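Okay, thanks everyone, let's get going. Have a look at the sequence and the structure while I talk you through some side chains.

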Amino acid sequence: MKKILIGIFVFSSLAFGKLQDGKYYVEAEKATWGWKPFTYIVVKDSKVVEVKHDRKNKEGKNATEDMKYNKSMAKKQGVGIKEAVGRLEKGFMESKNLDKVDSVAGATSTSKEFKVMMKYLLNKAENGKPGSYKISNKDLI
């Protein structure tokens, strides 16, 4: 039953209809390795006009702005968080279609977080429920 509900959620999110104007924000319930992923979108005239994905630490600093985080990830994974997030955001803004957003090699977790959170927010925007939300970390795995 859970798989069916997830499938319905994913399908309805990918095939989103008219979006309601507003600001939509979602973050993970808990931080992982000291960083909490979040995504927000701004919808205007039924179109996503702004998208931001990142991770923040307990001080509120974004991972994309943390040089140590970026260098460490780039050394281990071949791509830094800033570059990975930039590709994901650009991919969505150019296509407006999550199916056409390629995952970033070396940033598998970041890519999955982005896609799951975007589907969640697009669903909220389709149903006209702007606001701030929390998503379970287990839904991001």
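One definition before anything else: I say a charge sits over a ring if NZ of Lys or CZ of Arg is within 6 Å of the ring centre and within 35 degrees of the ring normal. And keep in mind that this is a predicted model.

So which ring has the charged end of Lys 56 over it? That's Phe 38, and the distance to the ring centre is 5.7 Å.

Now, rings with rings. The count here is 3 aromatic pairs. One of them is Trp 35 with Tyr 69: the centres are 4.9 Å apart and the planes sit at 75 degrees, so we call that edge-to-face. Trp 35 is in the loop between strands E1 and E2, while Tyr 69 belongs to helix H2, so this pair ties together parts 34 residues apart in sequence. Buried or exposed, what is Trp 35? Buried, at 12% relative accessible area. Tyr 69 is buried as well, with 16%.

Next up, Tyr 120 and Tyr 133, another edge-to-face pair, with 5.8 Å between centres and 75 degrees between planes. Tyr 120 comes from helix H4 and Tyr 133 from strand E4, so parts 13 residues apart in sequence get tied together. Tyr 120 is buried at 17%, and Tyr 133 is buried at 19%.

Let's stay with H4. This helix runs over residues 108–126 and spans 27 Å from first to last C-alpha, close to the 27 Å expected. Of its 19 residues, 15 are buried, so the rest of the structure largely encloses H4. Just after H4 you'll find Gly 128, with a positive phi of about 65 degrees.

Notes: Residues are numbered from 1 along each chain as its sequence is written. This is a predicted model: local features need pLDDT of at least 70, side-chain atom pairs count only at pLDDT 80 or more; totals for chains, interfaces and linings use all residues. Side-chain values use heavy atoms; hydrogens and water are left out. Helices (H or I, at least four residues) and strands (E, at least two) are DSSP runs, numbered from the N terminus. The expected span of a helix is 1.5 Å times one less than its number of residues. Buried means under 20% relative accessible area, exposed over 50%, partly exposed in between (1.4 Å probe, protein chains only). Rings of Phe, Tyr and Trp (its six-membered ring) pair if their centres lie within 6.5 Å; planes under 30 degrees apart count as stacked, over 60 as edge-to-face and the rest as tilted.
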